[in-house]
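This report looks at one helix and then at some of the charged pairs. Please have the sequence and the model in view as you read.

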Amino acid sequence: MYCLSPYVRRNGKSPQNKQRYLCLSCQRSFLWKSSKTLEERKYNWFKLWITEGYSLRKLSNIKRTSQSTVKRVIRYWLSQSPKENQGDLSGTKHIIVDGSFLKRPTGIYAAMDSETHKLIYVEVNVRESSEDLARFYSKLSDAGLKPESATTDGNTAQTRQLKNCWPDIKLQRCIVHVQRQGLSWCRRNPKRTDAKHLRELLLKLTEVKTKDDSLRFTKGFYAWEKRFGTGIESSPNRGWVFTDIVRARSMVTKALPNLFHYVDNPKIARSTNALEGYFSRVKEHYRLHRGLSKKNKVNYFKWYFYLKPK
């Protein structure tokens, strides 16, 4: 196109069977040439493969091309890694941090903005060890992140490294984790009186939404502790059922000081459900493309996080 006019129409084919165009302003005929490669022009195919989980067969049917062409485009983009751009994180004040195993002992570990539910940073092949978590939080700190609160599942290494990196941070325990683990230790149909009462109390945990609700739960637990705590401590029983009651009691006792920060500040997430739901969707899409090599597997997750951050 010589005059840069936007008014063009098709004008037959060239001897090489390429589409020709006619400029309606200057009446010149030309071939449309793009500086982008075939793979770059068909980047949208790769995005559908990543974010929607489309198979090669489905993409080839939609785009009316061969599966080998689709495979070549996907292979081209999968061999590259997207640009990691955290940006300035100083505006993020409340986060959710959690991990999910891919193949033990490594997995995905991520930090999410609790207000927008958007990923702010994520890594693949991370262990939930003190060393890996310290490095992860250090990167966030270097990017300007200074969170006021973090919602966690109570992992001790996680708690310790968060406090090391940001000493003044409030750590909100995930109430769903506390409830689920406590109910598991109390059993579905407990025979012990102490387990029955603790189970009834834990069932009400996710219903706590106001200051009065939190005070009612706290008073209920202290009443349970006053009634059964001394007997549990002095009991010579060491059976596996009794041991689980001891675990449930210990967990709630330690979690209670950090269990209801969200009541005072609604911007603080009360659970890690938003991040766990994201992990669930990631794994569901990945299972549609299982069988990738180790390198392509890592790049797949990087591209997914880049293209679908929330």
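How far apart are the end C-alpha atoms of helix α5 (residues 130–142), and what should its 13 residues span? At 1.5 Å a residue (the expected span being 1.5 Å times one less than the number of residues), α5 should span 18 Å, and its end C-alpha atoms are 18 Å apart, which agrees. This is a predicted model, in which local features need pLDDT of at least 70 and side-chain atom pairs pLDDT 80 or more, while totals for chains, interfaces and linings use all residues. Residues are numbered from 1 along each chain as its sequence is written, and side-chain values use heavy atoms, with hydrogens and water left out.

In α5, Asp 132, Leu 133, Phe 136, Tyr 137 and Leu 140 are buried (under 20% relative accessible area, with exposed over 50% and partly exposed in between, for a 1.4 Å probe and protein chains only).

The model has 10 salt bridges, each a side-chain nitrogen of Lys or Arg within 4 Å of a carboxyl oxygen of Asp or Glu.

Asp 213 and Arg 216 are three residues apart in helix α9, and so are separated by about one helical turn. Asp 213 counts as buried at 19% relative accessibility, whereas Arg 216 counts as exposed at 55%.

How values were computed. Helices (H or I, at least four residues) and strands (E, at least two) are DSSP runs, numbered from the N terminus.
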